[in-house]
Amino acid sequence: MIRLSPTLRRCLAEPRVRVGGGLMLALLLVALFAPVLAPHNPGEQDLLHTLAPPAWTADGEWSFALGTDSLGRDILSRLIYGARVAMRVATVAAFGAALVGSVLALIAGYYGGWPDWIIGRAVDVWMSFPPVILSLILMVGFGAGLNNVILAIIIVDWTRFCRVVRSEVLAVVKRDYIPAARLAGFSHLQVVLKEIVPAVTPLLLTLVSIEMGIAVVVEAILSFVGLSVEPSVPAWGVMIADARQYMYEAPWGLIVPVLGIFVSVLAANVLGDGLRRSVDPRLAQRLAVIR
Amino acid sequence: MIESGFGIVYRRCLVAVPTLLVVSVLVFVVLRLLPADPLAMSLPPNATQAEMEEMRHDMGFDRPIPVQYAIWLGQIGRGDFGTSIQFRRSVSDLILAALPTTLELVAVGLTLGILLGIGCGVLMFAWRGTAKEQIADLGSVVVMSIPEFLWAILLILGLGVGVRMLPFIGRIDAQMTVPTTTGFLLIDTLIAGNLPAFLSVLEHLALPAFSLALGLTPLIMRVLRSSLFDTYVEDYIALARLRGLSERRILLRHALKNAALPTVSLIGVQAGFMFGGTLLVEVIYTFPGIGNLMVQALRNHDLPLIQGIALVYCVIVLVLNTVVEVAYLRLNPKLRKA
Amino acid sequence: MAPLDRRAFLSLVGAQAGVAALGLPARAAKSDAIAVAYSTDVPTWDPNARVLANAQSLYKCVFDSPINQAPDLSVKPSFAKNWRYRDAASLELELELRDDAVFHNGDKATAEDFRYTFLERPKAPVPQGGQKLDTSSIWRRVKDIEILSPTRVVMHFSEVMPSAVTWLYFMGSYIVPKSYMEKQGPEGFLKTPVGSGPYRLAEYQRGARIVLEAHDKYWGGAPKLKRVTLEIVQDPSARVAAIDGRRVDLAVDLPIREIARLGAEAGIVGSIDSITDIVIVEATRTGPFEREEVRLAAHHAIDKQAISKALFGGKAVPIDVPAAHKTPGYPENFHFAYDPNKAVALLKQAGFGPGKPAQIGFNTLSGFFPNDFEMAQAIAAMWKKVGIEAKLEVIEAAKYQELLRANKLPEAMLYPWGNTTGDPEMYAGYLLDPKSIFAAWKSDDMGERIQRLVVETDPQKRYAGYREANIYAVEKGYTIPLFQGVKTVAYQSSLGFTKYDNGWILPQSYTLKA
Amino acid sequence: MLLEVADLNVTVRLAAGEVAVLRDVSFTVEAGRILGLVGESGAGKSMIGRVVARLLPAGFRVDARRLNFNGEDLLSVSPERQRALLGNRIAFVPQEALSALNPVLTIGRQFEEHLARLGVPRRERRARAARALGEVRLAHPAELLDRYPFQLSGGMCQRVLIALAFSSDPALIIADEPTTALDVTTQAHIVTLIRGLQRAHNTGLLFITHDLRLAAHLCDEILVLYAGDVVERGPAKMVFGVPRHPYTRALKRATPGLTGPRLRLAALPDVTPGVAALGGFRGCRFAPRCPIADPDCAAAVAQLVEVAAGQWVRCTPRCAAGEAPLVAAEEALALHAGQEHGALLQLEATAKIYGGSRSLWRRGRAVAAVRGASFTVGIGEAVGVVGESGSGKSTLARLVMGLEAPSAGRILLEGEDVTLPLPSWRERIRLMQMIFQDPVSALNPRRRVGNLVTQALEAKGQTLSRAERHERALALLRDTGLPEELMPRFPPQLSGGQRQRVNIARALCAEPRLLVADEIVSGLDVSVQAQILNLLLRLRREHDVALLFISHDLSVVRYLCERVIVMCGGEIVEAGPTEEVFAAPKHPYTRTLLAAVPPDDISRPWPPEDGMAPLGDE
C-alpha cells in the first residue's frame, strides 16, 4: 500500500476535489483530443447553411449537433477547438504566473530585507491598477497572438500568487522547524527546498487551479474586445463577440461558448475550493463550531 | 505598526506619487513597444506623405521614447494631459465628461454587491450544518464562475430581451433630457426634481449594476462566512456564551465586528478590480463611461487618451486602497495609536 | 414545453406590437419628434478638424456646405447659388453666395465666413503638440480667396484643382461662423457649436446622445421634424433591440439578417440599399501577387453573386471597376467574368497548382462594415478551391493605416472606401495614384494616367479618362473591385424616410405620417 | 446545598459506539466552600464545567441521578432559565485570559454589556464597573475601561475576568485552570485575590486544576479524576497529606519538591488513554499504568470506599486499607561533578538590545532583552536558567545557539570565540543542539518520524546510505523510549510526550556536547513531564552531554541542574549551586520567586498573607 501523506489522502477524500478535478481533466482531454472529437473542421464554412439551430429543435440536424454560426461553421467543433485555446492559456498562464509569483514570494518571505521591500513595492504598484486594464494595454503593446495573451496574463497575475504565498511563507518561517533545520546543518537553499516549499505547495496548487479559471476569463475578455488570438483560431471569446450580432436570431451561438467558459471556470473554482478545504488546518476546529 | 488615520492618509499620499510615476512609465513604454503609428488614423484622403511626416514631427512622435515621456510629463505638470488623436479634444475634458458615468455605475454596483454579499454571508453562516448551506455554497461557486461581462450578456438575453423587463441601452430613456450639472444622473435628476427621469436612470442602472454586483457578492459571502467560522472558534465567543449572552447578540455584537476585518480588505481590493469589470459592462450596455472611452482608445491606438485614462484608473484604485485602510484601522484597534 | 422550435423562439424574442407588457414608459407619439439609434458619434463638433465618412450625416444636420447633393446625388446649389471658373486655366473659381443664410446664433453667413472657413482657418499656425485641421491639407492649393462683395467670392488656386467643386460638397467643407468662433475660441466653440445647417445642436453627451432642434430661420425652410434625438448605440444587437422594442423610430447600420427579420414584423420597414461606397480587395506588389496572372486568377475566382446572396440577401450589387454604378467613372459596358477554371489556368501559367498553392497573406477589418469579416472568410474559401492559400488575419483600422504607410500590407487587403460624391477622382484618384497615401498598389503606369486626369479641367474628358483608367487597372489586376457598399436601416412605417444613394441619414429630409 | 451532583455520566457517540467520558461522578459544593477538581489533560475535568453550564458540544449526552443547583434540577430546566442563570448565579473564569476578551471592544464596553444584562441602570454602569476593577486591585481602574484587551498583560486580563465573574455576586464560580497560563508570582497574586473575594462574597468555588499541590493549599476538598473516573475524594489536607489511591500518590510524587531530599520521580509509564481507547476498559481505567494493579482490577470497577473521615478511594480493598507498599523505593540522586573538567561554554557580558533603530518617521524605544550575562557551562554539567516570562531567558538560549546575533559581549565554545557574525556555523552545530519548546511547531508535520530524527544526516556533505540512516533512526528511537512502529508516523499523529521525545532524539542525532533546552516540559502533563525529566537524566549520564536548561519551574530546575542562574529583566541577579541558592536565596527577586511556589509542606500557609501590592502595569 503506498503510504500517502495525510494531506494527500485528505485531498482525494474531499468530494469537491474529485468533482472539480474530474471536470478539469475531462476538459483537458477534450482539448487534447480535439481533432478526434470534433465532427467537422472548425474553420470549414458553408455559406448556404448559416445560423442553423441546434439538432434537438425542429429544423436542426444531428450532423451539426449544436447548429452553425453566421458563416455556417459547426458550433460544436468550434466549442471543442475553443477548449484547446482555453486550456492552453489556462495551464501555461496559471503555472507560469505561479512559478514567477512563488519564486519571488519565497525570496521575499525567507530573506526579507531589501528584496522583500522591492518585491513588496512591485506588488503594491501592480495592485494599484485594475488587472483587466493592464492586460488590455499589454495586448495593445504586444499585439495579437496566443503566446502574447499568455505572457500578458503572467505579467498581470503573478502578484496574485506573490501576495498570498509570501504571507504563507512568513507563517511557515515563524515555525520552529525552520531554525531546527538550520541547526541540523541544512543550507539556506536546502531549508527553502526541503522545508518551506513542501509546506507551501498545497496552497500553491489551490491558487493554480483558481488561476486557471481566471486565465480563461481574461482570455475571453481579450478576445471579446478583439485583442486576443488571430481570427482563424476558434476561441470562445471570439465566438461570443461574433454571436452577439445575431443574439436575437440565433441565441444558441452565444449561449454555447458562454457555457464553455462557465464550465471550465466552475471546474477550476470547485477544484480550488476542494483543495483549500483539505489543506486548511483550521477546518477541523471549524467543524466543532457547527452546532 | 500602530498608526492614526491621518498617518495612513499621509503615508499613502507619499506612496501615491512614485506609484503613479512608475505606472505612467510602464504604460508609456509598453504602448510604444510595437511601432504602431498613432497618427495613421487621422489623415484626410488626399493628404500627402510630406504632410504626414510634418504632423508626426509636430506631435513629437519621431523623438526617442524618453524624450517623449519627458515632454508628456512636463505637460501633465501643467495640468494638460495632451489631446486625443481621434477626438481632437483635450484628454482631461473627455475623461471628466465620462468619469461620472463610471463612478455612478461602480458606486451602485458596489453598494448592491456589498449588501447582497454581507446578507448572504451571514445567512449562510446561520444555516451552518444544514442542507441549505450546501445549496448556498454550490450557488456561490456557480455565480463566481461567471465573469461580470458574461452576466451582463446573460442578463440582457434573459431580462432585457426575453422577458423585456428592464432596459439595457444607455443611461436614460431616449425621450428624457436632464440638465447635466454634476454628471451623476441620479443626482442631476433629483436636482431637476424630475422623478420619472430618476426612475428611468435607476431602471437603466439595474442590469449593469447587478452584473457588477454578481461579480462581487459570492466573494464577500465566502470570505465573511469563513471569517465568521474563524471568529466562532475564539475563546471570547465561548466566554460570552458562558456569560449568558443570546446567540443573536453574540453574532451581531461580537462576531460580526471581528469577522468584518478580512471582509473590508477584500472589498477594497475587489472595488479596484470592479473598475476593470466596468470596461466591458459599459461597452455592452453602451454606457459612455471611461471604460467605454478606454476601449475606443485602445482600438484606435489613441496613445495620449490611453495614458490619460490609465492614470485615472490608477488614482481611483489608490484612493480606494486608502479609504479601505482607514476603515480597517477604525475597525481594528490594534492598529490604532494607544 | 414543446421543444423550442425556431419560429416559437423568434416570436418570443421578437417583440409583438404590445409595448404595454414592457416596464418601459410607452413613447409618447409626439407628432414632430423622432428618436434614432445611430451607430457612431462625431469625433469632434469642429467640422473642419476631422474628415470621417460616417460622421458626415451628423455634420450635415448642423452645418451647411457651399454645394449640396439631392438624394440621387445630383449636384444642387446650397450656400453657393452658382459657381464658374472665371479664367481659361481654371485657376480662379468665382462663387455667388446666398444672402439669406443665417447661423444658429442669428449672425448672417457672409463671404467673410466663406473666406475664414476655406482660407484663414486651414492656413492658421498650429500650437505646439496640437494637430492641423484636415481642411488645411484638403485646400492646400488655395492661394487666396478674394471677397468681391458680401455675396461674391473668388477662390484663387496655386495649381489646377479640378475636383475643387466636388470637394465643396464632400467631407469637411462646412461653413463655420468667423466672429463666433474667434470670440469663443476652439474649446468654447466645441462646448456650444454654431453652424448654419437645418438643425441646432440642443444637447450633446459624447458617445451617448445628440439632440437636434429645428433651426427655424434656415434658408431652405425649417425641417418638418422639430426635435431629433440620436441615441449613439455602438453595439449592433442593442440597436436591433431598440427598434424591436419600438423605442426608436429609426435604427441605422444593422446586421443584414436582422433587417429581413425586422422587416417581417408589423409596423417596421427594413431596407438594405446599395450606396456609392465600394468594397474592394486591394492588391500589393508582394509575393505571388507580383505575377499579374495570380492577381487576375484571384479576381476570377470570386463568385460575387454567391456572396451577395449568402451574406447580403442578394442586395449587394457587384462591381467590375473601383467605382459605383451610375457614377461618371463607371464604364457600364465593361464586365469581368467569374471564371474559376480560367483562374486555375492562370495560376498554372504562373507556376502554381493544386500541388503547389500560391501562399498569400490576406488582411481584413472586422465590424467596420456589415459582414466584412464573413465576406473575407468566404473569399478565402473560394480562393482555396482554385489553389490560392490565403492566411486570413483581422487587423484594426489603425493597424491597416500603419501597414499601408510602411508599405508592409500583405498581398491582399479587403477594404471599404467611402465616396458620397460619386466623383471618379474620389475613387481611383486616391486608391490607385502612387503619390496618394491611401494607394496600396503603387505603379508608375497608373501614376501617369491619373496625374494627367488630376489636372484635366474638361469634365467630360476627365470622366472618360477615369473610365478608361479604371478598366486598365482591373485588367492589369491592380485592384479587385467587389461590391457597392450597403446601407442597412429599419424604421417604423410611420416615418417618411428619404433614401440617399450615398447612404446619408438626413432627418431634415424626413417626415412623420399621420 | 449549592451544587449537588450525583452519579453523573457523560457519554459520546463515536464511530466505535458509545463511550463514557465521565463515569459515576458525584460531588457537592457548598456556599463559601472551595472544591478542587484535580486531573491531568484528558481526565474530563473541563467537561464538568460545561455540564453545569449545559453547553456541551454536539454528540455528547448527559444523564445523572441528581444535578441540582440551589435545589433547581439543571437537567430539566428550560433553556431560557438556564441562560438566565449563566453569568448571573453561575459565573466562569477561563484559562487563557488574553484571548477571553473581545479584542475589538474596550474593557468598559464589555463590562457595561455584562452589567446591562444584570439589569444595572445605564447611569450606574460605568461607576460600578470601575469599582469592580478596583476591587480586584487593578491600579487606576477608570482609565482601564477605555483600553483594549491587547493593551493589558495576562495577569491584568485575568483580574478583569475575575471582576466580571464576581460582579453579579454569583452563588457558584467555576474556575477552569485560571492560573495555568500565568507566571509563578502572578499565579500567587491571582490565587490570593480569588480566595479573598470568595471569602468576602461567601461564594461556592469549583476550582479545576492539574496542580495537586496548588489545590491542596487553596481548596477545602479535593476530588481526583483520572480518565473520567473519580479515583479519590476528601478533605484537601488528607488527600494531599496521606494519598491512598496509587494515581494520587503518583501525582504527588511526579512533581519534584523544592525542599527536602532530591528523590527520583516516580514516572508513570505510558499516557492517559484517549477518548476512543476508553471504550475498551471494563474495569479500572488506571490498571494498565498502575504499579500495584492485580488481575481483578481490570475485571470490575471498584466502588468508592470511605477509608478515613470523609476521604473516599476507588481501589482494591488492600490499597484502600492503606497497606499497599510504597510505590517505589525513593532513590536519592547523585550530583554531577561540575566544573573540574573545564568549561565547554563561556559567555562574557553578552547583551542583546532590540529596537532603538531610528527609522524614518518613528523612533523605536530601545528594549534590552539581555544585559551583560556572563557564565560558564562545564563539560557534562547541567546549568538551569530560571526567571519569569520577559526575563530574557529565551533570548539567552537563542544567543547561545546563534539564532540571534548579540549586540555586545562574546560567546566562547571550548575556548574558541564563536560570537556571530564570525563564521562559526559549522563549528557551533557540531558541538551544540537545541530542543525547542513547542514540539508541534518544532517538527515538520510533513516528515515521517524516522526521517525527522535523522534530519541531520540529510544535510549537505552527509554520505550515509538509506539503510544506515534507518538503523541510526531506530537506535535514536530506542534511546528516547519511543516504540519502533512510530517510524512511519507523522508528528500530528503523536501525543505531546512522544513528540517531545522525537524532538530530543533529533537533537541527539548529531551527538552534540551541549543540549540547550528552552521550556521543553512546561506544556506537558505532570506524569509525562516526569518521564521526560528522567529521560534527560539518563541521557546526560549515558552520553555525558552538558545541559543548559531554561524553565520558569524552579522545582524542575532543582531536579535536573547542579547550578542555577536567576534572571530578571534581562539581568542575572543570582547564580550558584542550586541547593545553596534555593536554600538561602540572597537576591530579593529570588526570594519572591521561591515564596510564590506552593510549598510541599501544606501546613505552611500559602500564598503568604503579606499585603500583595495592588497591581499596576505589570
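User: In this predicted model, why is helix α8 of chain B described as roughly antiparallel to helix α10 of chain B?

Analyst: The axes of α8 (residues 195-232) and α10 (residues 247-284) of chain B cross at roughly 160° and come within 9 Å. An angle over 145 degrees counts as roughly antiparallel, so α8(B) is roughly antiparallel to α10(B). As for handedness, α8(B) and α10(B) make a right-handed crossing. The contact of α8(B) with α10(B) contains 16 nonpolar and nine polar residues, with no charged ones.

User: Which residues of α4(B) and α12(B) meet?

Analyst: On the α4(B) side they are V91(B), S92(B), L94(B), I95(B) and L99(B), and on the α12(B) side P304(B), L305(B), G308(B), I309(B) and V312(B). By class, the contact of α4(B) with α12(B) comprises eight nonpolar, two polar and no charged residues.

User: How many helices and strands does chain B have, and what share of its residues count as buried?

Analyst: Chain B has 12 helices and zero strands. Of its 338 residues, 50% are buried. The C-alpha trace of chain B spans about 85 × 55 × 40 Å along its principal axes. Among contacts in chain B with a separation of 6 or more, 73% are between residues 24 or more positions apart.

User: What makes chain D as compact as a globular protein of its length?

Analyst: Chain D contains 23 helices and 25 strands. Its radius of gyration is 26 Å, close to the 25 Å that the globule rule gives for 618 residues, so chain D is as compact as a globular protein of that length. The C-alpha atoms of chain D occupy a box of roughly 75 × 70 × 45 Å along the principal axes. Buried residues account for 46% of the 618 residues in chain D. Among contacts in chain D between residues at least 6 apart in sequence, 68% connect residues at least 24 apart.

User: Why is N70(D) called partly exposed, and what is its phi?

Analyst: N70(D) has 16 other C-beta atoms within 10 Å. A buried residue needs 20 or more and an exposed one has 12 or fewer, so N70(D), with 16, is partly exposed. N70(D) is not a glycine, yet its phi is positive, at about 55°. The position of N70(D) is the loop between β5 (66-69) and β6 (72-73) of chain D.

User: How do you know whether A227(D) is buried or exposed?

Analyst: A227(D) has 26 other C-beta atoms within 10 Å. The cut-off for a buried residue is 20 or more, so A227(D) is buried. Phi of A227(D), a residue other than glycine, is near 50°, a positive value. A227(D) lies in the loop between β10 (221-226) and β11 (229-235) of chain D.

User: How many residues do chain D and chain A bring to their contact, and which elements of chain D take part?

Analyst: Chain D brings 21 residues and chain A 20 residues. On the side of chain D that touches chain A, β21 (432-435) and α16 (439-442) each supply at least two residues. That side of chain D divides into 14 nonpolar, four polar and three charged residues.

User: Which pair of chains has the most contacts, and how do you know that chains C and D are not in contact?

Analyst: Among the five pairs of chains that touch, chains B and C have the most contacts. No contact joins chain C and chain D, and their closest C-alpha atoms lie 42 Å apart.

Technical notes:
Residues numbered from 1 in each chain as written. Chains lettered and ligands numbered in written order. Predicted model: local features only at pLDDT ≥ 70, side-chain atom pairs only at ≥ 80, totals over all residues. Axes fitted to C-alpha atoms, helices over the stretch in contact; angles between N-to-C directions. Helix = DSSP H or I, 4+ residues; strand = E, 2+ residues; numbered from the N terminus. Parallel < 35°, antiparallel > 145°, perpendicular 65-115°, else oblique. Left-handed = near helix turned anticlockwise from the far one by under 90°. Nonpolar A, V, L, I, M, F, W, Y, C, P; charged D, E, K, R; others polar. Contact = placed C-beta atoms within 7 Å. Rg over C-alpha atoms; globule rule 2.2 N^0.38 Å.
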